[in-house]
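Morning, everyone. I have one model to walk through today, with two chains. Have a look at it first, then we'll take it piece by piece.

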Amino acid sequence: MPQRSGRKGRSLLGTLALLVTLIGLYWGLIHAPADAFQGDVQRIMYLHIPSILTAYLSIFLVFVGSCLYLWKREKRDDILAYSAAEIGVLFIALTIVEGSIWGRPTWGVWWTWDARLTLTAVFLLIFLGYLMLRSLIEDESRAATAAAVLGIVGFLDIPLIHMSVYWWRTLHQPPSILRPDKAPWENIPWPLLTPLLINIVAFALLYFYLLSLRFRLGELQEEIKARKLARSSAS
Amino acid sequence: MDAWGYVMLAYGVVWGAILLYLLSLKRRLRRAESDLALLQAEEETGANEEK
């Protein structure tokens, strides 16, 4: 019964994510006006900011899951951290690709070794390393412990990435939403802020849908392993 | 490439990658569910034979 209700909840979440995503796409690509300075290319912002915020959220959950695993040694916390890391890597990589596509027409280059871009690339490498670590160490408990430590260290890159535009002279613009000195509506006009907020919600819903599927997969894989182990020790 | 070309490239890459990931996740989930069902069926058969 709980399995069936879990599946129903996931379907509902997936449907809601799809609905809000379609609204976000319509608002961002058709309804919102073009930016006065950058023109239509600024519409990439409706992907770029939601992607990095989703990546931050995902890596925050890696941090939470890793801390809980090191503290309590419960497999569920490790599954949460592992699931969030896998999806986090996807959203960090997408952020870099979108930024590169946006950078070409606005900065004239696909890539530059700017502080924020470099730190984001390091962020991606840390969590690619996290996923590699899990598959390279055979002893699962050791792999989970090493990955949890790396997950906690990797999370510390987020404040560095966020503050890099203030601490170093960079080509990347200051934050649009999470500014320490201004509220988002003081920084972006409402006709551009509204589609951005809708897309942030759409990405968050999509993220939790993907996470629920990936977490369920982790649970099933654990159950299969446990049953196989019980069978081999019985025979 | 004009502005809309870059916008379409970005949206295509992002939604293409998310869709591919979602499909691979669903495929892995289906495979795990069928593996588990198979294991459960084998365990039940084994238990019945023991009786």
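Of the 51 residues in chain B, 10% count as buried. Keep in mind that this is a predicted model. What is chain B built from? It has 1 helix and 0 strands. Now its outline. The C-alpha trace spans about 75 × 10 × 5 Å along the principal axes of chain B. A compact globule of 51 residues would come out near 10 Å, but chain B has 22 Å.

Now chain A. Here 36% of the 235 residues count as buried. Chain A has 8 helices and 0 strands. Read from the N terminus, its elements run α-α-α-α-α-α-α-α. Its C-alpha trace spans about 70 × 40 × 30 Å along the principal axes. What about contacts along the sequence? Take those in chain A between residues at least 6 apart. Of these, 75% join residues at least 24 apart.

Next, where the chains meet. How many residues does each chain put into the contact? Chain A gives 24 residues, and chain B gives 20. On chain A, α3, residues 75-107, and α8, residues 190-234, each supply at least two residues of the side that touches chain B. The largest share of that side is 10 residues, and it comes from α8(A). By type, the side of chain A that touches chain B divides into 14 nonpolar, 2 polar and 8 charged residues.

On to the inside. The largest nonpolar core has 57 residues. Which members touch the most others? They are A:I44, A:V62, A:A81, A:A84, A:A85, A:L206 and B:A10. From chain A, α2 (45-72), α3, α4 (115-136), α5 (140-155) and α8 each supply at least two residues, and so does α1 (3-50) of chain B. The largest share, 15 residues, comes from α3(A). As general background, nonpolar side chains tend to be buried together in soluble globular proteins.

Leaving out residues up to four places away in sequence, A:V62 touches A:A81, A:A84, A:A85, A:G88, A:G151 and A:F155.

Two of those partners, A:G151 and A:F155, are also among the buried residues of α5(A). So let's take that helix. α5(A) has 16 residues. From first C-alpha to last it reaches 22 Å, close to the 22 Å expected at 1.5 Å a residue. Its buried residues are A:A144, A:A147, A:A148, A:G151, A:G154 and A:F155. What covers them? The cover includes α2, α3, α4 and α6 (157-167) of chain A.

Last stop, A:H172. Where does it sit? A:H172 lies in the loop between α6 and α7 (184-187) of chain A. Buried or exposed? A:H172 counts as partly exposed, because it has 18 C-beta neighbours inside 10 Å. A residue needs 20 or more to be buried. Again leaving out residues up to four places away in sequence, A:H172 touches A:D114, A:R116, A:L117 and A:V165. A:H172 and A:A81 are 91 residues apart in sequence and 30 Å apart in space, C-alpha to C-alpha.

That's the tour. Questions, please.

Terms used: Residues are numbered from 1 along each chain as its sequence is written. Chains are lettered from A and ligands numbered from 1 in the order in which they are written. This is a predicted model: local features need pLDDT of at least 70, side-chain atom pairs count only at pLDDT 80 or more; totals for chains, interfaces and linings use all residues. Helices (H or I, at least four residues) and strands (E, at least two) are DSSP runs, numbered from the N terminus. The radius of gyration is taken over C-alpha atoms; the globule rule is 2.2 Å times the number of residues to the power 0.38. A residue is buried if 20 or more other C-beta atoms lie within 10 Å of its own, exposed if 12 or fewer, and partly exposed in between; C-beta atoms are placed from the backbone. Two residues are in contact if their C-beta atoms, placed from the backbone, lie within 7 Å. Ala, Val, Leu, Ile, Met, Phe, Trp, Tyr, Cys and Pro count as nonpolar, Asp, Glu, Lys and Arg as charged, and the others, Gly among them, as polar. A nonpolar core is a set of buried Ala, Val, Leu, Ile, Met, Phe, Trp, Tyr and Cys residues joined through C-beta atoms within 7 Å. The expected span of a helix is 1.5 Å times one less than its number of residues.
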